[in-house]
Amino acid sequence: MQNHLANSTDRSPVGVPHFHYSDNALYVEQLAVKALAEQHGTPLYIYSKAALKAAWDRYQEAVDGRDVLVCYAMKANSNLAILNLFAQWGAGFDIVSGGELARALKAGADPQKIIFSGVGKQAWEIKKALEVGIKCFNVESIPELTLIQEVASAIDKKAPISLRINPDVDAKTHPYISTGLKDNKFGIAMEDALATYEHAMTLSHVEIVGLDCHIGSQITELAPYQDALARLLALMDQLKTKGIQLKHLDIGGGLGIRYLDEQVPHPRDLINPTLEALQARGYAEVQLALEPGRSLVGNSGILVSEVLFLKQGESKSFAIVDAAMNDLLRPTLYDVYHGALAVELKAGDKRRYDVVGPVCESGDWLAKDRDFAIEPSALIAIESAGAYGFVMSSQYNSRPRAAEVLVDGDKSYVIRRRETIEELFEHETIPDGI
Ligand code: LLP
């Protein structure tokens with residue numbers, strides 16, 4: 001579907017066929033991005049339902065009918081419409097707050113497929129999760145275990161728990177999103193694991209159901225998972241000698257996606273060896289759980305912005321667009337690459353630009369050193385914006401948050417309307433008499 005002009009951009013789309021060029025214009029499924037931008041304005045997040053389904057199907061192909069629960073880590077993109085799709089497809093959900101629990105339930109999630117992660121669960125969140133009957137709390141510390149016991153006994157429920165163990169492996173990813181190292185705030189240290197499980201056994205309103213670990217995000221190699229698994233299996237053996245039978249093993253999320261030219265493992269490269277290892281070790285009856293976020297949604301969305309001005313600096317040229325770091329924080333926060341595509345490919349000389357937003361910070365950039373033949377009012381699409389995009393957006397500089405649109409074939413749906421200027425300050429009051 002791509003033509004010669006498409007191939008002559010700095011690179012082609014990240015390889016998701018649902019985003020493609022036709023007659024030099026970028027499409028999401030059957031709809032032209034330009035028409036969507038005209039209809040809904042910019043900045044605009046556009047997601048492809050077919051791309052979401054394809055990402056989900058990759059996991060399902062890997063699962064291949066076996067007892068594996070894929071819990072979508074909804075922090076990656078928690079729009080109700082997207083959660084609803086995953087719920088329809090049978091996903092469980094990995095949540096990290098009472099707000100996420102409410103969203104998941106509103107979107108039709110099955111509580112018995114909800115896993116509650118996070119280092120700072122609060123009493124009200126634990127209570128709500130117990131009341132609706134979630135599958136499991138992934139417990140990250142002894143004080144949290146004590147709180148869960150207290151809350152559960154107050155309402156006379158038994159809390160199903162896993163301990164999140166920190167296996168001390170290097171996921172070889174960005175330090176901000178690496179979570180399985182000793183120095184991270186996450187999980188219970190491996191050397192404390194057995195004693196903590198033994199302590200959990202003594203608690204009247206806690207039921208041990210699993211073991212959990214999550215080592216980081218945007219992981220592109222399998223070795224860190226293998227290292228972590230070896231340690232988890234050794235712990236499972238120890239637990240067995242103490243009479244602790246686990247119902248599930250949760251190996252977290254973290255599989256990377258392609259932003260540039262990363263070679264990322266297929267979910268089956270993770271799932272098959274893990275199931276084989278469980279079987280070989282005598283744990284065939286233990287259910288496998290996963291918590292993927294980015295790999296289910298990341299390549300299914302783009303952020304479309306309009307070029308406001310082209311500015312020739314002394315050493316650089318800038319395409320100043322109407323999307324900014326408040327809309328997509330990842331480049332600023334992690335100094336990472338996202339593809340940037342001209343929505344319409346025009347013949348003509350290309351110039352090298354930094355794509356930057358209107359926010360008053362030099363860190364406000366979306367893409368650096370990209371070659372485009374563009375003019376003011378051209379549209380630029382930032383790729384791989386489906387994960388940790390809108391959810392990390394803010395109103396910084398009093399910029400209303402973007403609209404979100406879901407495309408399904410030749411139809412589009414507004415799944416979050418653009419915020420209005422009035423909504424920027426609707427929760428604020430000027431006290432009388434100040
Ligand atoms: N489970 C737990 C306990 C997590 O903390 C996370 C992500 C996931 C699952 C999902 O990981 P994924 O499959 O999406 O890699 N804002 C950062 C990513 C932060 C990830 C935090 N935890 C970014 O934009 O790269």
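This is a predicted model: local features need pLDDT of at least 70, side-chain atom pairs count only at pLDDT 80 or more; totals for chains, interfaces and linings use all residues.
Residues are numbered from 1 along each chain as its sequence is written, and side-chain values use heavy atoms, with hydrogens and water left out.

Confidence comes first. The chain averages a pLDDT (the predictor's confidence in each residue, from 0 to 100) of 94, and 95% of the residues score at least 70.

As for the fold, the chain has 12 helices and 21 strands, taken as DSSP runs numbered from the N terminus (helices H or I, at least four residues; strands E, at least two). The radius of gyration is 23 Å, close to the 22 Å that the globule rule gives for 434 residues, so the chain is as compact as a globular protein of that length. That radius is taken over C-alpha atoms, and the rule is 2.2 Å times the number of residues to the power 0.38. The C-alpha trace spans about 70 × 65 × 40 Å along its principal axes.

Now the ligand. It is surrounded by 19 residues, with Ser 217, Glu 291, Arg 294, Arg 330 and Tyr 388 the closest; a residue counts as near if one of its heavy atoms lies within 4 Å. The shell splits into six nonpolar, seven polar and six charged residues, where Ala, Val, Leu, Ile, Met, Phe, Trp, Tyr, Cys and Pro count as nonpolar, Asp, Glu, Lys and Arg as charged, and the others, Gly among them, as polar. Polar contacts here are pairs of N or O atoms within 3.5 Å. Glu 291 places a polar side-chain atom 2.6 Å from a ligand nitrogen, and a side-chain N or O atom of Tyr 334 is 2.8 Å from a ligand nitrogen. Tyr 388 has a polar side-chain atom 2.6 Å from a ligand oxygen. The protein covers 91% of the 590 Å² of accessible area (Shrake-Rupley method, 1.4 Å probe) that the ligand has on its own.

Technical notes:
A polar contact is a pair of N or O atoms within 3.5 Å; within protein, one must be able to donate a hydrogen and the other to accept it, and residues adjacent in sequence count only if both atoms are side-chain atoms.
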